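Biologist: Please take a close look at one part of this model, the aromatic pairing, and then at the packing of a pair of helices.

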Amino acid sequence: REVKSDAVFVHGTYYNERLDAALLGIASEIYHRGLTDFVVINGMTKQEMIAINDHAYTGCAQLREILAEQRVPQNKIMLTGKARHTADESRLLLELAEKHGWKTLTIVAMAHHQLRAFLQIVALIEEKHLEVNVFNKTLGAFDWTKPTYKKVLNQGGVSGSFKDHIVLEYERVVKYAEKNGSDFIRHASIPEMLAYWEQREARTEE
């Protein structure tokens with residue numbers, strides 16, 4: 001359903017500029033339709049990511065340029081702190097939400113990344129005892145059989161179709177659930193996510 005968000009956050013894709021632009025385009029459309037006040041992106045620069053041996057993330061400067069081409073005013077683009085991965089992005093987004101009093105957020109990510117990103121932010125909302133409503137948006141029509149290449153943090157890259165990448169994301173979700181916060185930053189379980197979903201729906205239907 002259509003919701004008005006205080007801010008829309010775009011998770012990094014680690015694929016290519018075309019997909020970065022497509023995801024940023026979702027956030028831009030939400031902004032231009034008057035359904036959000038700010039578009040938020042990871043504050044890491046390309047140089048800072050390379051310094052920690054991550055050659056995948058595009059960097060905030062290029063993402064700002066893409067948003068400018070999509071006619072989002074620079075004063076409506078906000079940066080998180082320095083986020084090295086999805087968990088950092090979620091944590092720093094919630095810190096911005098606390099700072100600015102945001103109560104409703106939309107997170108934009110590739111479809112196969114949405115579950116893990118949502119489980120992560122739900123876990124942090126519970127940990128911080130926040131009452132923040134988070135919604136999800138992703139690309140619409142999409143060719144899941146298209147061969148692609150994803151740069152992976154500190155692991156080179158992964159080839160295959162987007163269907164193959166769904167399997168990899170599922171394996172990550174299972175791994176995080178098995179570790180339950182040991183060696184990995186904790187993610188919410190599926191029952192916890194569904195409970196959060198019900199609470200969110202009850203709050204937003206009032």
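Modeller: Tyrosine 196 is buried, with a relative accessible area of 4% (buried means under 20%, exposed over 50%, partly exposed in between, with a 1.4 Å probe and protein chains only). This is a predicted model, in which local features need pLDDT of at least 70 and side-chain atom pairs count only at pLDDT 80 or more, while totals for chains, interfaces and linings use all residues. Residues are numbered from 1 along each chain as its sequence is written, and side-chain values use heavy atoms, leaving out hydrogens and water.

Phenylalanine 118 is likewise buried, its relative accessible area being 4%. Rings of Phe, Tyr and Trp (its six-membered ring) pair if their centres lie within 6.5 Å, with planes under 30 degrees apart counted as stacked, over 60 as edge-to-face and the rest as tilted. By this rule there are two aromatic pairs. In one of them, the ring centres of phenylalanine 118 and tyrosine 196 are 5.9 Å apart and the planes lie at 65°, so the pair is edge-to-face. This pair links distant parts of the chain, 78 residues apart: phenylalanine 118 belongs to helix H5 (residues 111-128) and tyrosine 196 to helix H7 (residues 190-204). Helices (H or I, at least four residues) and strands (E, at least two) are DSSP runs, numbered from the N terminus.

Turning to helix packing, the axes of H1 (residues 17-32) and H3 (residues 60-69) come within 10 Å and cross at roughly 55°. Axes are lines fitted to C-alpha atoms, for helices over the stretch in contact, and angles run from 0 to 180 degrees between N-to-C directions. H1 and H3 are therefore oblique to each other (under 35 degrees is roughly parallel, over 145 roughly antiparallel, 65 to 115 roughly perpendicular, the rest oblique).
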